Amino acid sequence: MKPQTKTVAVLRYRPEQDKEPFWQDYEVPFAEDTSVLAALNYIKDELDGTLSFRWSCRQAICGSCGLMIGGKPRLACKTFLRDFEGKVTVEALAHFPIERDLVVVMDDFIAKLERVKPWLMPREERAPEDGEYRQTPQEMSLYEQFAGCINCGLCYAACPQVGLNPNFLGPGAIALLHRYNLDSRDGGSEERMKLISAELGVFNCTAVGYCSAVCPKIVDPANAVNVNKMNSARDYFFRFLPRPAPKGGCQ
Amino acid sequence: MNDPLKRSHEPIFWLLFGAGGMLAAMLGAMLVFLLAFGVPSGLLPAEALSYTTMRDFAGNVFGKGFLFAVVALFFWHAVHRIFHSLHDIGIHAGLPARVLVYGTAAIGTLIAAAALLAIGF
Ligand code: FES
């Protein structure tokens, strides 16, 4: 029996020879369990070795296969050909500059992630002999959800405000910022508040919520952004009052 | 270009927007029903919205407060939404539009306050 095939239309762009991106169709055999990533690998191995795309884990963990599939931001390894009627379109992630074919330039996104200081800034320095920074499961559950981010960039492709204002810190970076602010061991909230409240901060968001809808790890960046609007507003009006004692946590 | 690290003054407008939005969500549909359908269709007695009833309502301190909050906050909510929707559909009208929309709300607020004070207590 001849295997079924499906047309996969890929937006190609090879900077050294193409003036602008163009669509190229490939016929790909597929079964129930053929992911878009598997289809791309089939194209590269069997049909056209010049196609470029990023991938690594094949299991929605590494975050490198984010693409626009059927016009929506999705992970290629978590999206299946069987779910599409007719042709499947595959393009580089929206709102990112195309480097080549499906590969985008992530530099600005990475710089934004670094900008939120995504590491523990201990509230009190402890020497090794003081023991570890302890945390109860309850304290961990506060931020655990936001720690699930795999930096795939889908929320940036989904966010209309990122598209309109590339300076906007964006959903992923703010979710990461929120993850550290919520950590009982961390004391960096005040420092990160400058970013939240800045022109590039949370008030660029108009509460569309598509970022959370496309997240493959069920992180809720829209929540992180909107909770921080309130935090920022509080900071705006009460910043001249004495600060409350830092939030409780490890002793 | 604006310094993207400068503190944003958006909290002022965002809080007014939020307060108006909450009020609109709680009261908006009810007000539309009362004013546009309830009384005109005869479901509610016509005196409910008669001149004297409404004047008495506006003369009462709490009535004044209610009317002022509803008019002013709905204004701030609406203009903020209009301004950001313009941006969303690709019209980045900038400062002049900001002055125009928030100016409208400010004038609406002042007129509401002046009218309510003019009615007296
Ligand atoms: S290949 Fe790693 S997330 Fe898809």
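Reader: Which residue of chain A forms a salt bridge with Lys6(B)?

Author: A salt bridge puts a side-chain nitrogen of Lys or Arg within 4 Å of a carboxyl oxygen of Asp or Glu. Here Lys6(B) pairs with Glu199(A), and their closest N and O atoms are 3.9 Å apart. The rule finds two salt bridges across the interface of chain B and chain A. This is a predicted model: local features need pLDDT of at least 70, side-chain atom pairs count only at pLDDT 80 or more, and totals for chains, interfaces and linings use all residues. Residues are numbered from 1 along each chain as its sequence is written, chains are lettered from A in the order in which they are written, and side-chain values use heavy atoms, without hydrogens and water.

Reader: How many residues does each chain bring to the contact?

Author: Contact means heavy atoms within 4.5 Å. Chain B brings 18 residues and chain A 19 residues.

Reader: What area do chain B and chain A bury between them?

Author: Buried area is the accessible area (1.4 Å probe) that two parts lose on being put together, summed over both. Here that is about 1,800 Å², with 63% on carbon and sulfur atoms. Pro4(B), Arg7(B) and Trp14(B) supply 34% of what chain B buries against chain A, more than any other three residues.
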